[in-house]
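Please read these notes with the model open beside you.

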Amino acid sequence: MAAGDFLSNVELISPSEFAKGKILAVQNYVLLCGQAMANLFRRPLYGADIIQQADFIGWGSISIIVLAGFFTGAVLAQNSASTLERFGSVSLIGQLVSVGMVRQLGPVITGLMVAGRNASGIASELGSMKVTEQIDAMRALGTDPTKKLVTPRVVATVIMLFFLTIIADLFGIVGGSMVAILMLGLDSHQYWTSSWQVLQNADVITGLIQPVFYGFVISTIGCYYGMTAKGGTQGVGRGTTQAVVVSSVLIVVIDFFLTRVLSIVLVYR
Amino acid sequence: MPTVPIEMLAGQRAESSGPVVVFENVVLAFEDKPVLDGVSFSVSHGETKALFGIAGSGKSSILKLALGLIRPDAGRIQVLGHDITEMSEDELLALRDRIGMIFQESALFDSLTVRDNVAFRLMEEGKLSEEEIERRVREALSFVELEHTIDRRPAELSGGMRRRVAIARAIITQPELLLYDSPTGGLDPVTSTTIVELIVKQRDVYKTSALLVSHRLQDAFTMATHYFDRQTNKMSSLPAGSKRELPVTFLVIRDGKVIFDGDAQQLASSKDDYIREYIS
C-alpha cells in the first residue's frame, strides 16, 4: 500500500474528541464498578456462578502461580547472594527473600500472572457474548448482565487472588530456600527461622491488602473491555489485548501508591 | 406452587385491550448519524406488524427500542401500557418478563445446553420446581418440534434449528409481545417456511402480538394469507373469496421515516414508486 493510500485511510481525531472519549470510558468503567459493588447487596447473589468462576480463576491459575512464585523467589535469592556476599551477610538471604516476596513480589507477580490469564479470559468471553448479542439476549430475558456476569467474576477474582498470593509467597520462599541451601550451602533451619522471624505484621498486612485491589482491578477491567467490545471478532481481540495491558499497568501503578499509603498508615521499618 | 398451562396464560390476556406498542415521533441517532427521524406507529392486540426497509434503515433498532435495550433521543414509546422511555433498567427488566425477543443470529448462550437456554428465564425467576421447568421446556421445544435436541449445545445445531430454539426460549413464558429480528434471514426456503409456520402458529394459537423485522417480503405475505389449522396442525392458505382478515400489517421505513403503514392489500396497491420498486 502506498504511503498516500495509507494516510488517506487514517482517521484523524481532534484532541478534544480524544479526551472526551477517554473521560467517557473512565466514567463508564466507574459506573460498572459501582454497579458490580451494589449488586453485592441485591438478590440473587449467583453463588453457583461465583464458585464456578472461583474454580476457573483460582484452581486454574495454581500451576502458573506456583511456578512463577518459586522461580521469582529463587531468582531473588540468586541475585541478592552476590551483593550480600560482599558484606559477608549471606545468612540474611532468608530475610531478604521472605520480606521481598511477602510485601511486594508475591502480590505483584500473582497479580500480573492472573491479569495475563484471567483479564484476557474474562474480556474475550464477555466480548464474544457482546458481539453475538448474548448480553442483549440476557437483558431481554429479564436478567441483569452486571449481576449475572460481572459481580460473580469480581467476587471470585478478589477472593482467589488473596489465596493465590499466599501460595505465591510460600513457594517464593521455598524457591529462595532451594538456592540458599543447595547453591549457597546455607543451613535449612537458619534460612527458615530467619525468614519467619523477620516478618512483621505490617509486612503481612501490606502483602495481603494488595491482592484485594489487584483482584478488583483485573476483574473489572476484564469485564469492562468485554462488555464494551464492538466490531466483531477483531473488536474482541482488541478488547482482550487492552484488558491485559491496562490491568497490568494499573497493578504496577497501584502497587507504588498503595505501598506508599500503607507504609504511612502502618508505620513500619 | 400451582402450575398454569401455557394456553391458559395466553387466554388470560386475551381480554386486554388497547395498543400493545406505541411509537410517537421517535428519534434516534448513533454518533451523530440519524437512524430514525420521527417514527410513529402502533401495534394493536394480536396484530403482527412486519417492518421493512433497506439494510441499515433502523428496523432492528426499532425492536431494541421497544424492548428498552436502547433509549430514543426524543419521542415516546409505550409498551404494554407502560411509557418505557422514562423507566429505570430495573423496571425494564421486570417488564421484559412479558416480552419475548428472537435475535437475528439467535443469540443462544453457547456455554449452555438447549435445555438450559430455553429454561433460562424460568430458572432465573426461581419460582417453579425443577419438574415444572422441565415440563415447560419440553412443551416449548415440542412447539418448535425440537424436543430431541434438549441435551445438545447450540454449536451442534443448524442455523434453522438455532432459530427454532430461540423461538422456544422466547415463548416459554407465553409473552404478550414477541419481537422477531429477521427470523428467516440467511435460511433456505424450506427452513424459512418452517419458521414462518411457527410464527403463524404462535399468532393464531396464542394470539400473541408481534413486531417482525424481515428482508423477505414473501414471508410477510405468507403470514397475511395463511392461518394455522389446529386440526391438521399445519399452516393453510385462506380459501379463495374468504372474508376472514388476518391481523398482519406492513410498515416500510425509508431514510428514518415511515413511508407506509397498512395492510397487504394497501401495500400491493400503493402508487409510491419506492414501494412499488421494493415489492416488485
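The numbered points below describe selected features of this structure.

1. Basis of the notes. This is a predicted model, in which local features need pLDDT of at least 70 and side-chain atom pairs count only at pLDDT 80 or more, while totals for chains, interfaces and linings use all residues. Residues are numbered from 1 along each chain as its sequence is written, chains are lettered from A and ligands numbered from 1 in the order in which they are written, and side-chain values use heavy atoms, with hydrogens and water left out.

2. Salt bridges in chain A. Over all chains, the search of the whole structure finds 27 salt bridges (a side-chain nitrogen of Lys or Arg within 4 Å of a carboxyl oxygen of Asp or Glu). One of them joins A:Glu125 and A:Arg153, at 3.0 Å from N to O. A:Glu125 lies in helix H5 (residues 93–131) of chain A and A:Arg153 in helix H7 (residues 145–183) of chain A, so the pair ties together parts that are 28 residues apart in sequence. Helices (H or I, at least four residues) and strands (E, at least two) are DSSP runs, numbered from the N terminus. A:Glu125 is partly exposed, with a relative accessible area of 36%, whereas A:Arg153 is buried, at 4%. Here buried means under 20% relative accessible area, exposed over 50%, and partly exposed in between (1.4 Å probe, protein chains only).

3. Salt bridges in chain B. B:Lys257 and B:Asp37 meet in a salt bridge of 2.9 Å, N to O. This pair links distant parts of the chain, 220 residues apart: B:Lys257 is in strand E12 (residues 257–263) of chain B, and B:Asp37 is in strand E2 (residues 33–43) of chain B. Both ends are partly exposed, with B:Lys257 at 41% relative accessible area and B:Asp37 at 36%. In a further salt bridge, the closest N and O atoms of B:Arg121 and B:Asp97 are 3.7 Å apart. B:Arg121 lies in helix H4 (residues 114–125) of chain B and B:Asp97 in the loop between helix H3 (89–95) and strand E6 (99–102) of chain B, so parts that are 24 residues apart in sequence are tied together. B:Arg121 counts as buried, at 1% relative accessibility, and B:Asp97 as partly exposed, at 29%.

4. A network across two chains. A:Glu133, A:Asp136, A:Arg139, B:Lys64, B:Glu89 and B:Arg96 are joined into one network by salt bridges that share partners.

5. A:Phe256 lies in helix H10 (residues 232–266) of chain A and counts as exposed, at 54% relative accessibility. A:Gln197, found in helix H8 (residues 188–198) of chain A, is exposed as well, with a relative accessible area of 61%. The C-alpha atoms of A:Gln197 and A:Gln95 are separated by 8.1 Å, although these residues are 102 residues apart along the chain.

6. A sheet in chain B. Which order do the strands of the open sheet take? The order of the four strands is E2-E1-E4-E5 (chain B), and the pairing is antiparallel; two strands pair if DSSP finds at least two bridges between them. The edge strands, each pairing on one side only, are E2 and strand E5 (82–83) of chain B. Strand E1 (residues 21–30) of chain B pairs with E2(B) over eight bridges, and B:Val27 stands opposite B:Asp37. E1(B) and E2(B) form a hairpin with two residues between them, and B:Glu31 in the turn has a positive phi of about 50 degrees. Two bridges join strand E4 (residues 74–79) of chain B to E5(B), where B:Gln78 stands opposite B:Asp83.

7. The search of the whole structure finds two cavities of 30 Å³ or more. On a 1 Å grid over the protein atoms alone, a cavity is a set of points where a 1.4 Å probe fits but cannot get out, and a pocket is an open set with protein on both sides within 12 Å along at least five of seven lines; lining residues have an atom within 4 Å of a point. The largest cavity holds about 50 Å³ of space, a volume being the space filled by probe spheres set on the points, which are joined across faces, edges and corners. Residues lining the largest cavity include A:Ala137, B:Met101, B:Arg121 and B:Arg169.
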